[in-house]
Amino acid sequence: TALRLAIRAYARLLPKKHESRSDLERLSVQIDSVASGFHRSFLWTDLALRCFRNRRSDDAKTIIDRNLAPLLERMRISSPHEWRSASKYAAPALYEAHPALGIDFIKTLPSYWRDSAYNQVLRYKLTKCPPVEPFDTGEAPNYRVGFDDCIEILKIAEHVSSDSMIYKYIEAVSSSALWRHNQPRIPETQRNQLAQKIRQLSQAKFPSPRFIQHEGFRILAEAHALRLLREKSADWKPLITRAKNLPNRSDCVYVLALLAQCLHSGFVTDKLALLREAQELAAGIPSDIDRCDRLRVIASVSVDIDKAFAKQVLLDAVGIVKCGDDEGLEEVRRDLVNAAYSLDPDLAASLASTFDTDEARQMARRAIQYQELRSTLREQGRIDETEKADPVELASAAWDLLGKLNSGRVQPRDVVETVEL
């Protein structure tokens, strides 16, 4: 932990060139003194990626070529299991230093580790954050990422096997390309190129023979391509019809809800009609937990379209799980309370009171208290009577807010305000 803090502190010197060569040398000596090869490789990766982020590519490549890559090679021979774990986290650094060699390196990993390594590479391309560093965009996957990185992300996704992971990054590219806070803004001609690339990727990867057999992800990928074109005259009916014909009811509800999200902003009536149809179909999902999850998705999409409808959907979901003690219900209830809090704190409190058991009500109150703690820290940078706060929850809330800070969703606070924490 101390070395990770030292690396973070060193990285903050880089933008204004306040560091000295001796700083890096002392840091390197300390990293080399770590006994565990896995932890040493993690620290070298962290340092290299922070150098890349701050446009110190020469230093980053030196760290990788002199320290990280030789260490991984020694681990591959002496401790294969440790090498596989370390390689997953080191993949972004290896790729940033030498993209083609980085892909070749990932291909040497066992098949069940490759997607994890690709995920780390793709995550760094979007966030510019080292592995395990938090990065929280909220409900919308909007990132500050340029056109070239978007194209590179879609090319890397060609190597991924997991259909859900491929779709995750298609959605991130599409949403980011249209995000009005993205700098620099991606112009229409380049958005058209991204749309074509998404269509090509979708045709090549969906449906996956190893995962979901129907075309749900292909429909959603094509929707994101159509969304990028920004054509209000675009014909969405074929995609909607295909979504309604999906054989799995739960997946059909999920795809219809996300299709509503993709429709151009001028189609408010059509968006709401799709969400209402998804709500009706959700009533036929046999699993209570699955049905609640789909209702939560519908509510999250509805927030920007019709808040009253979103609240009603959440109330319906809580009505399904307000009683019972089946395994998994606690997590579902917590997710619903958190979703309600983000929409309206008073709604969350109202939902919490409807649960039938003391345990469920206590869990809901704890979830609300945690959200209130986060809000207080975000808005004030301090809390009253800090000694009474649960240290574990305080640390967790601070870590969550670091993710918001890294994504630019909250503003940094003066250390004088936060030192008491």
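How do the residues of the lining of the largest pocket divide into nonpolar, polar and charged?

Tutor: This is a predicted model, in which local features need pLDDT of at least 70 and side-chain atom pairs count only at pLDDT 80 or more, while totals for chains, interfaces and linings use all residues. Residues are numbered from 1 along each chain as its sequence is written, and side-chain values use heavy atoms, with hydrogens and water left out.

The lining holds 23 nonpolar, 13 polar and 14 charged residues (Ala, Val, Leu, Ile, Met, Phe, Trp, Tyr, Cys and Pro are nonpolar, Asp, Glu, Lys and Arg charged, and the others, Gly among them, polar). The space in this largest pocket is about 1900 Å³. Its lining has 50 residues, and G138, E139, A140, Q261 and S300 are the closest to the centre. A pocket here is an open set of points on a 1 Å grid over the protein atoms alone, where a 1.4 Å probe fits, with protein on both sides within 12 Å along at least five of seven lines; a lining residue has an atom within 4 Å of a point. The volume is the space filled by probe spheres set on the points, which are joined across faces, edges and corners.

Among the elements that give two or more residues to the lining are α9 (163–178), α11 (216–229), α13 (249–262) and α20 (391–406). Helix α17 gives the most, with six residues. Helices are DSSP runs of H or I, at least four residues long, numbered from the N terminus.

Now the charged side chains. The whole structure has 25 salt bridges, each a side-chain nitrogen of Lys or Arg within 4 Å of a carboxyl oxygen of Asp or Glu. In one of them, the closest N and O atoms of R50 and D46 are 2.7 Å apart. These two residues are about one helical turn apart because they lie four residues from each other in helix α3. Both R50 and D46 are buried (under 20% relative accessible area, with exposed over 50% and partly exposed in between, for a 1.4 Å probe and protein chains only).

R40, also found in helix α3 (residues 37–53), is buried but has no salt bridge, D32 being the nearest side chain of opposite charge at 4.4 Å. For this, Lys and Arg count as positive and Asp and Glu as negative; His and the chain ends are not counted.
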